[in-house]
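Below is a short briefing for a reader who is meeting this structure for the first time.

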Amino acid sequence: MLIASYAERMQRQQAKARRLLAFLRTELWTVPAVAAEVMQLGSRSAVAETLAGFVKAGWIVQDEIDTPPGRRRLIGITASGQAHIAALLGREPAMRAYERGRVGLATIEHRIQLQRLRIAAARAGWTGWLYPDRQPVSKRRGGHRPDALATAPAGVRVALELERTIKTAKRYRAIAGAHLDAIARGEYSRAIYICPDAARAAAVQKVFQSLGRALVGGREIVLTEEHLSKFSFTTHDQLFGGKK
């Protein structure tokens, strides 16, 4: 009985490691609250104990940094962690690992919210999550890259924009043009703007509807209803369901 109990505990621990390291394989770092979501752990003590075990195994490191909102604790994957998860998944090890001092302080909160969106999307049946800004330079096009690309349960590839603040009309004209250009190239079918609340989603939509023109492929065009139909404006709960 004791042997069986120990084996079950080890299996559960391995499952948690697999989930977290698979997530960090591309994210490189996260915060304890997001790690808890990934590992499906509820109590802070269980999270702390589990992470300590992974640190001891050499799979992750824990770091603390000062950010504009305050001090943040980060969990980053190591080269050993990358090798371990690659072996579990049967893939080549990713070449990147967490590096202290390399996290963009100005965008850290935005990235954390994107990680939460990624988790919610996966639970809602979305697949193929990808960050265009992490693609090789040879695969990047245009002056604007969406926050993320993902495939909806219906099989449609879309660009996702986490819109926490409202930009100027001038900026949106350039962004709208970049999206329409990418849609014309077949990179995705539409762009979805995900806002913190319905009021902000409505405000961003209103700005888009009043743009009038946009720069597409280096030339200015008049935005038609067909062009605008390629953009959606919603909230986290409306798109994926559940809470943040």
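Leaving aside its neighbours within four places in sequence, which residues is Leu51 in contact with? Counting contact as heavy atoms within 4.5 Å, Leu51 meets Leu20, Met39, Ile60, Gln62 and Ile75. The model is predicted, so local features need pLDDT of at least 70 and side-chain atom pairs pLDDT 80 or more, while totals for chains, interfaces and linings use all residues. Residues are numbered from 1 along each chain as its sequence is written, and side-chain values use heavy atoms, with hydrogens and water left out.

**Nonpolar cores**
- A nonpolar core is a set of buried Ala, Val, Leu, Ile, Met, Phe, Trp, Tyr and Cys residues joined through side-chain atoms within 4.5 Å, where buried means under 20% relative accessible area with a 1.4 Å probe, protein chains only.
- The largest nonpolar core has 28 residues, and Trp29, Leu51 and Leu74 touch the most other members.
- The elements that give two or more residues to this core are α1 (2-27), α2 (32-39), α3 (44-57), β2, β3 and α5; helices (H or I, at least four residues) and strands (E, at least two) are DSSP runs, numbered from the N terminus.
- A second, separate core of 24 residues includes Ala159, Ile175, Leu180 and Phe231.

**The sheet**
- Three strands make an open antiparallel sheet in the order β1-β3-β2, with strands taken as paired if DSSP finds at least two bridges between them.
- Because β1 (29-30) and β2 (60-67) each have a single partner strand, they stand at the edges, and one side of each is left without a neighbour in the sheet.
- Between β2 and the antiparallel strand β3 (residues 70-77) there are 8 bridges, and Glu64 has Arg73 in β3 as its bridge partner.

Conventions:
Buried means under 20% relative accessible area, exposed over 50%, partly exposed in between (1.4 Å probe, protein chains only).
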